[in-house]
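Here are some exercises to work through with the model open beside you. Try each task before you read its solution.

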Amino acid sequence: LKSSFYLPKRAFHKVIIYNRIPKTAGTTIVSFFYQLAMANQFNAVLVNFSRIHNVLALHDEANFVYNVSDWISVQPILFHGHFPYIEFAKFGSNTRPLWINVIRDPLERQVSYYYFIRFGDNLRPHVTRSRQGDSTTFDECVAKELSRDCSNETLWMQIPYFCGNAQHCT
């Protein structure tokens, strides 16, 4: 898994952030990153804000920026987790991470998430999901407007992963 192509030093980022959008192949991609980390001597760390957030409180953003900027001894490092984009310069940090992400067709992602929170996946089959036991189909949910899970409100939830709390994103 070692890289066989040349990257000039100016292209090297000591901090990379993969702020994973739910249901966009994140688990598969992260497993690849952990393999690369072992083979190429960099660190990979899961960032867990205790639940998936489309928007973070200002103090959570500030704490994250401070911790990432201050953790120099473990660089190069890749942070990953389900959280929105954060503008480091807004907090006076000189750290400029490279942000990476994967986007998915919004409707396909919403349908996938809808069924995931009802039936889970094969990775952790024994985890109780938040809507476990709800057998309402996505189409039924849309037709009867039964839940936020199938509403337009959650269709575009990917946007904050690219621009965070910026005014033009909310």
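The exercises below go from the whole chain down to single residues.

This is a predicted model, where local features need pLDDT of at least 70, side-chain atom pairs count only at pLDDT 80 or more, and totals for chains, interfaces and linings use all residues. Residues are numbered from 1 along each chain as its sequence is written, and side-chain values use heavy atoms, with hydrogens and water left out.

**Exercise 1: the whole chain**

Work out how many helices and strands the chain has, and in what pattern they follow each other along the sequence.

Step 1. Walk along the sequence and you get β-α-β-α-β-β-α-α-α-α.

Step 2. Now look at the overall extent: the C-alpha atoms fill a box of roughly 55 × 40 × 25 Å along the principal axes.

Step 3. Call a residue buried under 20% relative accessible area, exposed over 50%, and partly exposed in between (1.4 Å probe, protein chains only). Buried residues then make up 35% of the 170 residues.

**Exercise 2: helix α2**

Check the span of α2, then work out where its buried residues sit.

Step 1. The expected span is 1.5 Å times one less than the number of residues. For the 13 residues of α2 that comes to 18 Å, and the end C-alpha atoms are 18 Å apart, so the two agree.

Step 2. List the buried residues: E61, F64, V65, V68 and S69. Down the axis of α2 they fall within an arc of 120°, so they line one face of the helix; the arc is that of the directions from the helix axis to the C-beta atoms.

Step 3. Here's the rule behind that kind of pattern: an α-helix has 3.6 residues a turn, so residues three or four places apart point the same way.

Step 4. Check both sides. The buried residues of α2 pack against β1 (15-19) and β3, while the face turned away from them carries the exposed H59 and Y66.

**Exercise 3: one serine**

Decide whether S69 is buried or exposed, and find what it touches.

Step 1. Locate S69 in helix α2 (residues 58-70). Its relative accessible area is 18%, so S69 is buried.

Step 2. Contact means heavy atoms within 4.5 Å. Leaving out residues up to four places away in sequence, S69 touches F88, S93 and T95.

Step 3. Look for a polar contact (a pair of N or O atoms within 3.5 Å; within protein, one must be able to donate a hydrogen and the other to accept it, and residues adjacent in sequence count only if both atoms are side-chain atoms). The side chains of S69 and S93 make one at 2.7 Å.

Key: Helix = DSSP H or I, 4+ residues; strand = E, 2+ residues; numbered from the N terminus.
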